[in-house]
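Please look over the model shown here. A short report on selected parts of it comes next.

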Amino acid sequence: VILVYGGNAHLGALHAMNREVPQRRGRGESDVIPQIARVSLTFTMLATAIVAAVLFALGLSPWFDAVTAGALRLLALVLLAQQLYQFFHFWFRADEKFALLSKVLIFATVLELAVTLALVRVLGFDGIFYGFLLSSLAAVLICFVAVPPHLRRPHFDFSLIPGLIRAGFPIMIIGLSYSLMTTLDRLLIINFLGEEQLGYYALGTLALTAMAYIPTAINQVLYPKMGERFGATAQAETLAPLVEKPTLVTAGVMAAVLGLAYLALPLTPLLLPQYTEGIPTARILFAGFYFLGLVGGSANLLITINRQTQYLTSLLLAIGLGLLLNAIALMLRLGIEGIAATTGVMYLVYAFGMISFTAQRYLQRDTMHMLGFGAKLLLPFLAAALLIFIATHLALPNLILTIALRLAFFALLYFAPGFFLLHRELKR
């Protein structure tokens, strides 16, 4: 929790840098980009140093036991390393160095897993924090070598800071609000249904955490391209190809991945028998998550054109709707399956509300276009649902062979026509 919230010590400066750099590049103002980046880095590290100093001081105080005090002191160092790593993460995204970023992320993830497991065996609980620290420092060293020399030096022109915070703080709040929206179901389950039910619910949410990287990766690549184009044109409607076509691609890919995951769920008793009771809930969660994955393009659009307040309003409305629907599910004693279903309804309303609002308000799309586009977004979902229905009626004497047959059936009948239809649509 400390690392999650401490990571926002920059007060949105990194989010502002991530938005401003592509737009300045699009406007032909590349000469000010290094200054923005260096000021963002300097302010971020100074603000984080204050938070880290507080954590370290708490770790030296007599208020905590030895284990907690040691963890706080280690967290102070981890937070500094993590924040520096986060700056480079934002910078590479803004500078469209996605190949380099992906290599660094893979290296850091593998190193963190290996080092943490090794150190936990030797040091116990503290090994977790040492693993975080060493893997973050190794990733920072690679990033430090990869960036231009002028980005390695601090810059103290704090006249830029108020503007960066004004631009980035709402984006930071949006991120926190999005996290609340996507964890609301679990917060209600732990409070009203208990830890055991949350454990069963976790089967679906853990799978979705991995699958969420697909729309996230697509949107992170397109976000700086949106900024650069908007910086050059200052017209929101010019962003339409960067919103609509990637959303269609996301729909096609997510329907395929979620369909395959749905058909693979019967393997749970063999791999994770303690989560078997969570299979029905996971199926419902998969269906609802499809719609949440479609929002990224519209969300990027609102941030790019400086309409963060409208994005935040949509999130708050979705949270309110989620609270209402989940409360109804709890009152009707529908259990975790009811929570999953009402959460899926919230995602559906939120997704189509965001997509239709941004398309009509900023992309100048009429009602007929929106109806056609909505139908195209629903088509992969309905096609996957039909194939899943047929596939679940296929059976062989062996469970593993049955699942393999169903997966092969789905893949063959979904990917071949799906690729053709998507390719034809993208060529228009």
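The model is a predicted one.

**Helix α12**

Helix α12 covers residues 279-292. It has 14 residues. From first C-alpha to last, α12 reaches 20 Å, close to the 20 Å expected at 1.5 Å a residue.

Is α12 largely enclosed, or open? Of its 14 residues, 10 are buried, so α12 is largely enclosed by the rest of the structure. The buried set includes Ile279, Thr281, Ala282, Leu285 and Phe286. Gly288, Phe289, Tyr290, Phe291 and Leu292 are also buried. What do these residues pack against? Their partners are α7 (161-192), α8 (195-211), α10 (240-264), α11 (268-271), α15 and α16 (367-391).

**Aromatic pairs**

The whole structure holds 9 aromatic pairs. One of them joins Tyr290 and Phe291, and its geometry is edge-to-face. Another pair links Phe291 with Phe352. Its planes meet at 55°, so this pair counts as tilted. Phe291 lies in α12 and Phe352 in α15, so the contact ties together parts that are 61 residues apart in sequence.

| Pair | Centre to centre | Angle between planes | Class |
|---|---|---|---|
| Tyr290 and Phe291 | 5.2 Å | 85° | edge-to-face |
| Phe291 and Phe352 | 6.0 Å | 55° | tilted |

How accessible are these residues? Tyr290 is buried, with a relative accessible area of 1%. Phe291 is buried as well, at 6%. Phe352 has 24% and is partly exposed; the limit for buried is under 20%. Tyr290, Phe291, Phe352 and Phe381 form one aromatic cluster.

**A nonpolar patch**

Five side chains are named next. Leu270, Leu271, Leu272, Leu399 and Ile400 make a nonpolar surface patch of about 480 Å². Which helices supply at least two residues each? They are α11 and α17 (399-427). Leu272 sits in the loop between α11 and α12. Its relative accessible area is 38%, which makes Leu272 partly exposed.

**Gly335**

Gly335 belongs to helix α15, which spans residues 335-361. Is Gly335 buried or partly exposed? At 28% relative accessibility, Gly335 is partly exposed. Gly335 and Pro162 are 173 residues apart along the chain. Their C-alpha atoms are separated by 47 Å.

**In brief**

Helix α12 is largely enclosed. Its Phe291 pairs with Phe352 of α15. Leu272, in the loop between α11 and α12, is part of the nonpolar patch.

Technical notes: Residues numbered from 1 in each chain as written. Predicted model: local features only at pLDDT ≥ 70, side-chain atom pairs only at ≥ 80, totals over all residues. Heavy atoms only, no water. Helix = DSSP H or I, 4+ residues; strand = E, 2+ residues; numbered from the N terminus. Buried < 20%, exposed > 50% of the residue type's maximum accessible area, 1.4 Å probe, protein only. Expected span 1.5 Å × (residues − 1). Contact = heavy atoms within 4.5 Å. Patch = residues over 30% accessible without salt bridge, like charges linked within 9 Å, V, L, I, M, F, W, Y side chains within 5 Å. Areas by Shrake-Rupley, 256 points an atom, 1.4 Å probe, with all protein chains shown as cover. Salt bridge = Lys/Arg side-chain N within 4 Å of Asp/Glu carboxyl O. Phe/Tyr/Trp six-rings, centres within 6.5 Å; stacked < 30°, edge-to-face > 60°.
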